[in-house]
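Subject: Structure for you to look at

Dear colleague,

I am handing over the structure we spoke about, and below it you will find some notes on what turned up. Please read them with the structure open beside you.

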Amino acid sequence: MVPTDDGASPAPLDRAVLERIQSRFAGRRLFGAVDLVEEGKLYLRVELAGDYYPGDVSARFEIRWYRNDDFTVHYQEERQESVWKCRWDRHPSSHNVRDHFHPPPDASRANAEDAQWPQDHRDVCRLALDYVEERIETLWERQ
């Protein structure tokens, strides 16, 4: 899952912020791998440790951060029979205001919701992590 360029920011990507996020996430038990990837455009791929999830799940974040503080934080879970994903965005958009959320289960453009996100990358990451922690709790409760 390489983040899509649909509505991408006109600003250049901010490698320094992505490296700070990488440094902050590296070594935490929740994350299995945290890597800067350059496939087309630079992004940070954060693999979540599978033992936090019930059953056989592969989950990851893919993050792009731009020099004007636009961003895309894409979360995706994959199971053998399904994919569940959502996305937090700040970028120019023809379908919503600059800050918006693509809700699960498919993060579709058609269901995007206007939102308001913090400016600082640390706060945006905390918001996304809190959301995923709630998601993980929900998955365990359904067992």
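In this predicted model, Pro-10 is found in the segment that comes before helix 1, which spans 15–25. Pro-10 counts as exposed because its relative accessibility is 67%, and exposed means over 50%. Leaving aside neighbours within four places in sequence, Pro-10 is in contact with Asp-70 and Pro-92. From Pro-10 to Arg-142, which lies 132 residues away along the chain, the distance between C-alpha atoms is 42 Å.

Helix 1 itself has Val-17, Leu-18, Ile-21 and Phe-25 as its buried residues. These residues are on the same side of helix 1, because they cover an arc of only 100 degrees around the axis. Among the elements that cover them are strand 1 (31–39), strand 2 (41–48), strand 3 (58–65) and helix 2 (121–141).

Finally, please turn to Pro-118, which has its place in the loop between strand 7 (113–114) and helix 2. Pro-118 is partly exposed, because its relative accessible area of 24% falls between the cut-offs of 20% and 50%. Beyond its neighbours within four places in sequence, Pro-118 is in contact with Arg-90, Asp-123, Val-124 and Leu-127. Pro-118 and Glu-19 are 99 residues apart in sequence, and their C-alpha atoms are 19 Å apart in space.

Note on methods
Residues numbered from 1 in each chain as written. Predicted model: local features only at pLDDT ≥ 70, side-chain atom pairs only at ≥ 80, totals over all residues. Heavy atoms only, no water. Helix = DSSP H or I, 4+ residues; strand = E, 2+ residues; numbered from the N terminus. Buried < 20%, exposed > 50% of the residue type's maximum accessible area, 1.4 Å probe, protein only. Contact = heavy atoms within 4.5 Å. Arc of directions from axis to C-beta.
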